[in-house]
Each structure stands twice: as structure tokens, then as C-alpha cells.
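The following explanation leads the reader through one protein model, step by step. Please view the sequence together with the three-dimensional structure.

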Amino acid sequence: AIVATQFFAARVYTLAATKLTATAAGRKAMNNMRDAIKSSTYFQVGIYDPAANQFSLIANGTPLIGNALAIYPNIPTNNVTDGYTNFGTIYFMNPQASNLCSVVISNGVEWTATRVDNIIVWITNYYVFNAEDANANIQTDYSKSRVVRIKLQFSQWEYPLAGVGNGAMYDYYQLQTRAAMRMPIY
């Protein structure tokens, strides 16, 4: 009975450790993005194509929902409707690898993608970012005051010793947050 209890306790510990690891990594990445948004002066929601290393801005008049978020720490120096400024960071969901990545923009050039956090893999939702108003209505215009909603849905092995593939146990998580710029500039 004691040995059976120890095996059961080890299994419960493994399940709890897996869940804590998954949510801790997700919270860490979301906190980093939230802090970047709060300290920024401007952001844009768009679609990022990792193969072409290109950010495409969501056009005014359409819902501001995308797989990428461009965050600019300073006032953009050229026409912001083009989707390009001198410096910033683009966070995006990479559909080929199912993970969250970032790209640094320097002197108007988008550099090679780097992974934000190695633990946040297997993201299952393509549209991670959207711009909303204070009442959680999705915006269609960049000229209005807005909030960013970040929503990560991902899966992870529930019990790593159970195996991979058919019959494996996966647990699904969803983390979301909303953040606004401290001093928006339009």
C-alpha cells in the first residue's frame, strides 16, 4: 500500500509539474509582451510571413485581428500605414513551427526571427493578437484608442511518460491578457 501510494504521488507530482511549467512559461512570455506594449508609443496588428520575413499591416476598415503585433518604442518616423518604421519588435505566431517568435526591426529592416521562449511551443490558434476598444469590441480603425488582446491557446503532454501520438494524453491551455499603451500617440 505504501509503494502504491508513492507511485500515485509521483504520477500526481508529474502532472502538476507539467501544468505549472506550461503556465509559467506562458505567463512569462505574456508579461514580456505586456510590458513592451505598455512602454511603447505605437503598435500595429498584422500578418507576419516567416518564410518571406515580411510583416503586412491589417488595413483600416477590416477587423484588426492577426498573427503578429508590431510594437514601436518611439514615434514612427515614416508613414505608419506602410507597416514600417525605424525601430521596434514584431511578435508573431509561427504556423510552421507552432510557436511564438519575435523579429527585431532595425533601421526599417526586419531581421531574422528568434524564439521568444523555448517552452511555448504547440500554439494551436493562428490569430493571437487583436486590437479592441475598452468594451472588448474589435477595432477596425487605427486612429482610435485601443487595447491589445493577446490570446495563447496551446497544448502540452499531460503525462510525459504516456508517449507521443495516438493514445497520448495532451492537456490544452489558454492564457489571455489585455494591455494598453501608457501614452498613445496618433
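Is Arg34 buried, partly exposed or exposed? Arg34 is partly exposed, its relative accessible area being 24%. This value, like every other one here, is computed from a predicted model. The side chain of Arg34 meets that of Asp35 in a salt bridge, with 3.3 Å from N to O. Asp35 is likewise described as partly exposed, at a relative accessible area of 41%.

In total, three salt bridges are counted. Another of them joins Arg149 to Glu132, whose closest N and O atoms are 2.8 Å apart. Because Arg149 belongs to strand 10 and Glu132 to strand 9, this pair ties together parts that are 17 residues apart in sequence. Arg149 is buried, with a relative accessible area of 18%, and Glu132 is buried at 3% relative accessibility. Glu132 also meets Arg178 in a salt bridge of 3.0 Å, N to O. Here the link reaches between distant parts of the chain, since Arg178 is in strand 11 and Glu132 in strand 9, 46 residues apart. Arg178 counts as partly exposed at 32% relative accessibility.

Attention may now turn to the nonpolar interior. In soluble globular proteins, nonpolar side chains tend to be buried together. The largest nonpolar core of this model has 37 residues, and those touching the most other members are Ile37, Val45, Leu69, Ile90, Phe129 and Ile150. Several elements each supply at least two residues of this core, among them helix 1 (2-38), strand 1 (42-49), strand 9 (129-132) and strand 10 (147-157). Strand 4 gives the most to the core, with five residues.

The surroundings of strand 4 can be followed through its pairing. Strand 4 and strand 5 run antiparallel and are joined by four bridges. Ile71 stands opposite Thr89 of strand 5. Strand 5 is mostly covered, with six of its eight residues buried. Strand 5 also pairs with strand 6 in the antiparallel sense, over eight bridges, and Gly88 has Ile105 of strand 6 as its bridge partner. Four residues lie between the strands in the hairpin of strand 5 and strand 6, where Ser98 takes a positive phi near 55 degrees.

Aromatic side chains complete the picture. The count of aromatic pairs comes to three. Tyr42 and Tyr72 form a stacked pair, with 6.3 Å centre to centre and 25 degrees between the planes. As Tyr42 lies in strand 1 and Tyr72 in strand 4, the pair ties together parts that are 30 residues apart in sequence. Tyr42 is buried at a relative accessible area of 7%, and Tyr72 is buried at 0%. Another pair, Tyr126 and Tyr127, is edge-to-face, at 4.9 Å centre to centre with 85 degrees between the planes. Tyr126 counts as partly exposed, at 31% relative accessibility.

Tyr42 has a charged neighbour as well: Arg146 lies over the face of Tyr42, at 5.4 Å from the ring centre. Arg146 also lies over the face of Phe43, at 4.5 Å from the ring centre.

Finally, the loop between helix 1 and strand 1 contains Thr41. Thr41 is buried, at 14% relative accessibility. Thr41 and Arg182 are 141 residues apart along the chain, and their C-alpha atoms are separated by 7.9 Å.

Terms used: Residues numbered from 1 in each chain as written. Predicted model: local features only at pLDDT ≥ 70, side-chain atom pairs only at ≥ 80, totals over all residues. Heavy atoms only, no water. Core = buried A, V, L, I, M, F, W, Y, C linked by side-chain atoms within 4.5 Å. Buried < 20%, exposed > 50% of the residue type's maximum accessible area, 1.4 Å probe, protein only. Phe/Tyr/Trp six-rings, centres within 6.5 Å; stacked < 30°, edge-to-face > 60°. Lys NZ or Arg CZ within 6 Å of the ring centre and 35° of its normal. Pairing = 2+ DSSP bridges. Salt bridge = Lys/Arg side-chain N within 4 Å of Asp/Glu carboxyl O.
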